[in-house]
Amino acid sequence: MLLIPCPNCGPRDETEFHYGGQAHVPYPENPNELTDTEWSRYLFYRENPKGIFAERWVHSTGCRQWFNMLRDTVSYDIQAIYPMGARRPDLAAAPAAEAGTASTAADSTTTGTAAPGTAATSIAASTTSASTTAPEGATK
Amino acid sequence: MSTQQLPEHPDFLWRNPEPKSSYDAVVVGGGGHGLATAYFLAKNHGMTNIAVLEKGWLAGGNMARNTTIIRSNYLWDESAAIYEHALKLWEILPEELEYDFLFSQRGVMNLAHTLGDVRESIRRVGANKLNGVDAEWLDPQQVKELCPILNISDNIRYPVMGATYQPRAGIAKHDHVAWAFARKCDEMGVDIIQNCEVTGFLKDGNRVVGVKTSRGTIHTEKVGLCAAGHSSVLAEMAGFQLPIQSHPLQALVSELHEPVHPTVVMSNHVHVYVSQAHKGELVMGAGVDSYNGYGQRGSFHVIEQQMAAAVELFPIFARAHVLRTWGGIVDTTLDASPIVGLTPVENMFVNCGWGTGGFKGTPAAGLTFAHTIATGEPHKLNKPFSLERFETGALIDEHGAAAVAH
């Protein structure tokens, strides 16, 4: 089970959340002009990477807010949480992890307040504090 | 309960050859579907200069990670046709492959727990009968007669309101199925190459002409992808995309018990499916994890929900112990139906998207996919399962009959 650091409520069990599939899939700007092929791309084709995946989650039984997450689809490590509408964070630019990043473990890191001023909260860069404060830029 | 003994098998059922520098066709993926494809390529199309490439060990992926249920009670004509063809092949394959993989036609019940379930189930029984698939509607008493350990009382959260029943459905020993296909393939000259991971493809324009592997480059005129959960990874290497999402799906077994469970019971609504293996383990399947994953393990809460459903339906399971759990990676499509056919790359073909139901489809997947690879054209049974259906809108929406939520 994933321990998901909700940007508003702090770390909670996966069972409190619902998965929303791939993030950053914009509705077509001119739907009437799309060909069948383009429509099929929008409706049915999503990335399916073996590695880091940008996806949407909603904290259904908590704050009921949607947010984006970067997660590794092999190790299930959660690499970053960031608001809907924000750009996908560049993980390569994030500082190296100070501690373990096993977000699925009971002692995993929470949404710290590292990297202030950026839209994203990099879990890898966060501290091991038990802070449950929302990161800057989080959707309230 | 079957009293058959497991077949004795010799030490070596197939060779472990070095990969040659070229083949007439290469099948990527040495699971059930890849082996069945190679078998029918050799048997039906006389193509024996072919190789099956497996990145790990033979049949160590989803073929070793399923709950072995075989049935054909799907709703739509296209699905009923391909799954029923598979079931007919299952009935003759032990003799044809000269290897008893203990196909046991003990029947499958799909339980209904709501009025919506009842209506959908009765409709499906009607559709099955029109398609020549054996199907019956059972009331709760008849359900109890077939499987006495089932709790049909009214005072549980989701009482059993009836079930569809397919008597010809059942289970088989999946390892033995793989070994049976592998042995015959090997006899006919097919090279089964294990520990050989595909790392890329050679193309001449838009035509595939070879496969790059961890054990060297292999030239070939035709490539068939049978990699289940990893199909979209391979497709990306080849330069196209598939409408596939990979999810973990897990199952578990109990320790051995006396024969108590005479049939297969599935419930889509409370989400558990149970059979008793030939040796005596209770084999139970759960739903998929909601998120994409390649980790070959599932979430604990999915097992919790599955066990809660199992204990309510089968009170005598309450004191059974879980022996082990495992996860496979299933490649799901939006309409819960497979993709078998041509790809945007010339001479490259794909068999994927079987989601949670690939094992039962193994023989028909192999037969139709072999036809497609050999002739370059779809077989009449896999034609509706083309990649184009996502553009034409001719979807085959089998979420109801898929039994496991995709």
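Predicted model: local features only at pLDDT ≥ 70, side-chain atom pairs only at ≥ 80, totals over all residues.

Residues are numbered from 1 along each chain as its sequence is written, chains are lettered from A and ligands numbered from 1 in the order in which they are written, and side-chain values use heavy atoms, with hydrogens and water left out.

**Stop 1: chain A, coloured by confidence.** pLDDT is the predictor's confidence in each residue, from 0 to 100. For chain A the mean is 78, with 66% of residues at 70 or more. Now select residues 96–119 of chain A: pLDDT is below 50 there, yet the stretch has 52 contacts beyond near neighbours in sequence (contact means heavy atoms within 4.5 Å). Do likewise for residues 124–140 of chain A, also below 50, with 48 such contacts in the model.

**Stop 2: chain A as a cartoon.** Helices (H or I, at least four residues) and strands (E, at least two) are DSSP runs, numbered from the N terminus. Of the 140 residues in chain A, 44% are buried, where buried means under 20% relative accessible area, exposed over 50% and partly exposed in between (1.4 Å probe, protein chains only).

**Stop 3: two loops.** Most residues other than glycine have a negative phi. Pick His24(A), in the loop between strand E3 (18–22) and helix H1 (36–44) of chain A: its phi is positive, about 60°. His24(A) has 39% relative accessibility, so it counts as partly exposed. Then jump to Gln296(B), between strand E15 (281–288) and helix H7 (300–313) of chain B, with a positive phi near 50°. At 34% relative accessibility, Gln296(B) is partly exposed.

**Stop 4: a helix pair in chain B.** Show H1 (residues 32–45) and H8 (residues 362–375) of chain B: how do their axes cross? The axes come within 7 Å and cross at roughly 55°; they are lines fitted to C-alpha atoms over the stretch in contact, with angles from 0 to 180 degrees between N-to-C directions. H1(B) and H8(B) are therefore oblique (under 35 degrees is roughly parallel, over 145 roughly antiparallel, 65 to 115 roughly perpendicular, the rest oblique). Show side chains for the contact, including Phe40(B) and Leu41(B) of H1(B) and Leu367(B) and Phe369(B) of H8(B).
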